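Grab the viewer and a pencil.

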Amino acid sequence: MIPVPAMRDELGALGVVEKDSPFPFPIKRVYFLYDVPAEAVRGSHAHKALHQLIIAVAGSFRVELDDGRTRTDFQLSSPAQGLAVPPGYWRTLHDFSAGSAALVLASEEYDPSDYIRDYDVFVEWATRG
Ligand code: TYD
């Protein structure tokens, strides 16, 4: 989890993410998840090369990261923090609160061939020599 700088005054808050701050990869794509039903589980895949930063810009949700051996569950509930997800993690996003939105900053353009969508294939790939 890394801090996302914000300018706050009596008119509200403005969060900023830009190249090299607060994370060291060039952003090639931005996408966002919203209107996600509370019972939905998003993700359920890994990326071979893609770096991402995930920010709960509204509401809250949980992100489970699995490196093929260990699982860690992160609660994202503040626009002032981002979860950096390097390549090689199986991720699931779940427990979305009503009205929540996930902003995802990504290091590469959309590339279906970068996805691993089969969990057994992922574990084999992640734990190879
Ligand atoms: P997917 O990556 O499976 O979403 P999630 O991991 O949040 O469940 O993508 C859902 C759909 O959107 C799928 O048909 C691919 C498409 N998509 C794009 O066209 N461009 C993108 O940048 C992304 C992330 C997804």
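This is a predicted model: local features need pLDDT of at least 70, side-chain atom pairs count only at pLDDT 80 or more; totals for chains, interfaces and linings use all residues.

Residues are numbered from 1 along each chain as its sequence is written, and side-chain values use heavy atoms, with hydrogens and water left out.

**Exercise 1.** Find which residues touch the most other members of the largest nonpolar core.

*Solution.* Start with the term: a nonpolar core is a set of buried Ala, Val, Leu, Ile, Met, Phe, Trp, Tyr and Cys residues joined through side-chain atoms within 4.5 Å, where buried means under 20% relative accessible area with a 1.4 Å probe, protein chains only. The largest core has 15 residues, and F61, V63 and L76 touch the most other members. Next, look at the strands (DSSP E runs of at least two residues): β8 (52-58), β9 (61-66), β11 (81-85) and β13 (101-106) each supply at least two core residues. β9 gives the most, 3 residues. Finally, spot the separate second core of 6 residues, which includes V4, F23, F25 and L53.

**Exercise 2.** Work out which strand gives the largest share of the lining of the largest pocket.

*Solution.* List the lining first: Y31, L33, R42, G43, H45, Q52, I54, R91, L93, V104, Y115 and R117. Then sort by element: β6 (29-34), β7 (42-47), β8 and β12 (90-94) give two or more residues.

Note on methods:
Buried means under 20% relative accessible area, exposed over 50%, partly exposed in between (1.4 Å probe, protein chains only). Helices (H or I, at least four residues) and strands (E, at least two) are DSSP runs, numbered from the N terminus. On a 1 Å grid over the protein atoms alone, a cavity is a set of points where a 1.4 Å probe fits but cannot get out, and a pocket is an open set with protein on both sides within 12 Å along at least five of seven lines; lining residues have an atom within 4 Å of a point.
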